[in-house]
Amino acid sequence: MDTNKLPKGFASRRNFLFEAGQGLSGVALAWMLGQDGALGATACGGTEMVTSPFLPKKPHFAPRAKRVISLFMSGGVSQMDTFDPKPALTKYAGQPLPGKGDVVVRQGHPGPLMPSPFQFQKYGQGGLEISELFPHVAKHADSLAVIRSLKGRSNDHVMAHYELSSGTIRMGWPSVGSWVTYGLGSENQNLPGFVVIYDARGGPFGGPSNWSAGYMPAAYQGTIFRSAGDPIFDLKPPQGVAEEQMKGRLALLEQLNKMDLEKNPGNSELAARISAYELAFRMQGCAPEAVNVESESDATKKLYGIGDPITGPFGRQCLIARRLAERGVRFIQLYHGGLGNQNTDTWDAHGNVKENHTQHAAETDLPIAGLLTDLKARGLLEDTLVIWQSEFGRMPISQRGLGRDHNPGTQSLWMAGAGIRGGQAVGASDEFGYLAEQQVMTVHDLHATMLHLLGMDHTKLTFSYQGRQMRLTDVYGDPVKQLIS
Amino acid sequence: MPRLLIALLGSLAVFGQERVVSFVHDVKPLLENRCLKCHGPAMQLGKLDLRDRAAAMKGAGKGAALVPGDPEKSPLYRHVAGLDKPQMPMDGKLKAEEVAVLRDWISQGAKWEGVLGASAAGARDLKKMETWMVPAGAKEQWAFKRPERPAVPANGSAHPVDAFLRAALAGRGLTQAPKADKPTLARRAYLDLLGLPPTPAEVREFVEDSSPNAWAKLIDRLLASPHYGERWGRHWMDVARYADSNGYEHDFDRPNAWRYRDYVIQSFNKDTPFDVFLTEQLAGDEMGERSYDRLIATAFLRNYAKVGFREKDNPQFRYEYLDDMIATLGRGVMGVTVQCARCHNHKFDPIGQADYYRLQASLWGYVEVDHPLTPEAEAKAYAAKMAFIAEQTKPLRDEIKLLEQPYRDVLLTAKYKKWPEHIQKAVFTPEKDRTPGQVLLANQIIRTTAVSPVEIDRAMAAADLAKKRTLEARIREIEKTRPKAIPVAMGVTDGDYRLTPDGAGDEPAPGKGITREKIEGSFLADGTKPYVAPPSHFLHGGDQGSKGSETAPGFVAVLDDGTTPPALPPADGRTSGRRLALAKWLTSGRHPTTARVMANRIWHHHFGRGIVTTLDNFGKTGEAPTHPELLDWLAVEFVEKGWSMKQMHRLLMSSEAYQMSSQWATEKHLLTDADNLLWWRYRPQRLEAEIVRDNILAVSGGLNKQMGGVAVFPELSQEILASMDKGVWRNTKDGPEVWRRSVYVYRKRGLPLPFFEVFDLPDQNLTCGRRNVSTVPTQALTLMNNEWVLKQAARFADRVATEAGPDAAAQVTRAYELAVGRKPTAEELRVGETFLRTRTMGDFAHVVLNLNEFIYLR
């Protein structure tokens, strides 16, 4: 330790803090600077050099994306009915799937091939083929890079969710949002760096483990934001406690805690706790402001379909996502489709793919298109990565004539924004859409690509756990350069 | 054109170019060089093995790889020719003439000679993996050598712990901090041993006891408290990844998991020696004399997160559970990351895949079982009675079915007619006339269309319905004799997983079922023949498709001195004795790490930081011990004093180091060792999530000290419950019923209690020794705004007012005494009094629960 840099003695509080750690802990700095008036009054946006586990960190190289908005369609979106047209299904309708050996379905027994009940059309200069389910999103075809060959490892909803969120089908591993906030911190210290907004009908399959920090500190787990009311649990005191009363309590707490700090030389954790209360206090103002979609213009609300009972709920989620993106939240995870009735409340179209997907596409198409339009108009799409995905694809064969069963063999998803080369489809599934065939991508490749866009080398973003430098991508994965412009 | 003719023309067309192929000269080199790398001795990717003809004809589970005489129907040819994806070989296509060789060979009958790859280099490499030996000198790593008791440094210290610590401090020119004051010590001891704060009377008792052994008496009193087990048992449950639910999609309830939790608490309270404690958990069913506690203890191995599929049909999950056991044993008990050697030899430590698969073999025989907690005769009588009832009611049920059949047929037909036309057509076309697609479709519809009893009842003629009701009444009569369920413990024993009966939540994977004919024996060993564990195999690359040799049970070689046999079969012959041998090996006292790891854990919890900070990793990638000799001394002492944990508490807490102030510092100390690695003062610890909650309850006076039994479900908002609606959460209105200690709160893997999560509850699915400690705004929000916290704060305020009377100074004093075990300083008293002039005790009490001091042990 370079003792020259340390002030002599520790008569003042300021000096304790300098001596607190090996070098000055950021926590202490923040608190001190706050004390000494080195920082101006706090606003809700922008970067502040206060401390938290989310203090912005430098990426490995110049990033294309500064933040991620992940749109997760829970239940399993059918590729043949959305972004991966398969004329062969019409040709061979009603016949068994040929040449693929035993087809492992999730429920019961395999059925015959079933054509898509939806029409496809080419969109944009790239001529990307998109089904009639997404007329609004299709207008952004030239911004979308569709991946048609993502191969998953499980046909179980929960395991497949975990694979997409953490790279492993096992429970208890850090989610991609945790990795990103761990690697980059956040640009706004008055809001959590990793925010999750799930469907009002309930959480996705697998629940909170989807945004768990696993073996990382709890600070990196996703914070649930509600799309109505107070966004964060316990953000405000319950009814009956006046704000004035709370302010009085906080003032006393600060006074007593600082007196305590004087008695504990060289203990930076205590200063961190004082700082955490200050952050919490600021969050009380900033979080409700961040989700206040009422302050948006009518035109904007309409753009997201807010006001319409079908598109309204997901529209709110999308609009909040944009507001959070604007405010520098690093990773925004939206879920559409939630626990409840699996067939009607999620994309899990076992019973009737036409009815199910028509409903869920109608709920999401306009809001997602609105989000893309709005991000573009505000210049945010340039450094915001938008990713639309599901936990797995569905079967080209029918389940009881009208539905489709789970299929991890291939799924279609798309990315847009920050550095993504739109208007293209990457990879291909076989002629029936049963298995990924060309440029087969794994979830590790997908995660490596996401980290790459964020300016991080996925082989270098590591967390030391039980003697091993753990990675989001385990020992696999390659960024898919073709997706990037 | 008739099919035959096309086939004939086809073969004629190629016949012209065909030549006679030699297997040995043309085909064998091709297969060996291009195919066997992945489909030979090293591995059988996709489960395809091409070493001999029988294996090739078995194929990859989708029929034979070869159809002699018909290349076009032979998957082997189709894949190399690019007719099927993926094109083989993966590492580059065959040349056209090579493809032609294979085509001609198959069309000429695919003659085969001998076994391929027997001498291939790959096979040698594999054998090397299987027979891997510990490299010379590897045992020299400090942790792999058996600890020997070092001499205690002679520096005038009365206590060995202080002697070691002071020796290190002296090297840096540092001294130990002075002793903490008595109220601080009282609170430290209470929080450390019980996880509960002392009452003001208890603090006073200790402060006023001026006898020289006052401290020792306090420690003895606390160790005798039943709440000690609740505190220290919880530490062990982190290691044991204890939870009350299965996890994954269904997150099924484990209705008997709590028995293990209570067993752990009671074992700590009874001071069960650690060697026995560990043996019970690994092999309680094999210990000769069976007791309920020992059977309950075996849940330790079964605490893994579980997918709701039966293992017999989904062995891939079984391998995951075994991996979890090996990780838990490795990290939690031995302090080595054995699980790193599942797919390859350990990258840093001298641990081979061979070690991993030896351990796997030691555990391989395990089956999940619910041990009856009754005398054996009673359990047998119960099973017999249940079988008798099933047997008696069966004919009655069959009769009902027969009676219902005509109605069911009519109703089913009506249901089929509701489907779209193409589906109806498939269903109503006579079976023999259906197209292949219709066969599939009809099969799906017919198998999944059912008629409910209610629908049938509605349709039934009155006479038939009356008959049915009579039969049902008779069934009910018989059912009345059904005995009350006997209590059971979730645990494990040895058996044959391939024959386990279906349990609740078991779901066969599609297309899979039991293949009984291949297996002889029964699920649990009975009869006269001794139990034989099913075979387990070395898996190359950790891949279940790449089975190597059958593996024998055994231990981690670098830690083994060869004196414990790998199996100690019990006299009754019902188990293999492998788990018992494993336990004996770990607890022999000669194992280099077991005692060190546990001694270090105990140290960590008392002193806030391990001598080895990576509690679960003593290997090369772990941290080196700050005081290696002290650690060895403690490990030897631990074993020699009979593995008594309470003795260790007495030993460590009686040191002067434990009694140092945490608030003292000099400039020199701060400059020399800012992180206090040398323990020059006591290290404060943030209370764990559960202890924060327990302390709030204790201080408010709300704590319900009832011990043991089924878990409680604190009230959660509907919104939180909606985030995970699988499994159970018997939401209970907030009140004394759920104000139990946190160790009794239901541990749901899919939905950790949000209050705990905020305070760094570790993931409940992985073994965890050292918890993370983070300081984040959500903790502040919870303690400031959470309704439950506010309610407890209000109770706390009422308690203070009741106990202290109306005087403000008395109230401030009482609040401090209750919450932090000391009187306020003059300044604190002044600030408190001033505050209370304009504010209420409710405000003040809430602030006290938010004090830094309140959530720290210092």
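**View 1. Helices H20(B) and H21(B) are roughly perpendicular to each other.** In this predicted model, helix H20, which spans residues 421–428 of chain B, packs against helix H21, residues 436–448 of chain B, at an angle of about 90°. Because angles of 65 to 115 degrees count as roughly perpendicular, the pair is described in that way. The axes of the two helices are 8 Å apart.

**View 2. Residues at the contact of H20(B) with H21(B).** From H20(B), the residues Ile423(B), Ala426(B) and Val427(B) take part, and they meet Gln438(B), Leu441(B), Ala442(B), Ile445(B) and Ile446(B) in H21(B). Sorted by class, the residues of this contact comprise seven nonpolar and one polar, with no charged residue among them.

**View 3. The domains of chain B.** Between the C-alpha centres of domain 2 of chain B and domain 4 of chain B the distance is 53 Å.

**View 4. The contact between chain A and chain B, with the side of chain A in detail.** Chain A contributes 82 residues to the contact and chain B contributes 80 residues. On the side of chain A that touches chain B, helix H4 (157–166), helix H6 (243–263) and helix H7 (268–291) of chain A each supply at least two residues, and the largest share, eleven residues, comes from H6(A). By class, this side of chain A has 36 nonpolar, 31 polar and 15 charged residues.

Notes. Residues numbered from 1 in each chain as written. Chains lettered and ligands numbered in written order. Predicted model: local features only at pLDDT ≥ 70, side-chain atom pairs only at ≥ 80, totals over all residues. Axes fitted to C-alpha atoms, helices over the stretch in contact; angles between N-to-C directions. Helix = DSSP H or I, 4+ residues; strand = E, 2+ residues; numbered from the N terminus. Parallel < 35°, antiparallel > 145°, perpendicular 65-115°, else oblique. Contact = placed C-beta atoms within 7 Å. Nonpolar A, V, L, I, M, F, W, Y, C, P; charged D, E, K, R; others polar. Domains from an automatic or database assignment.
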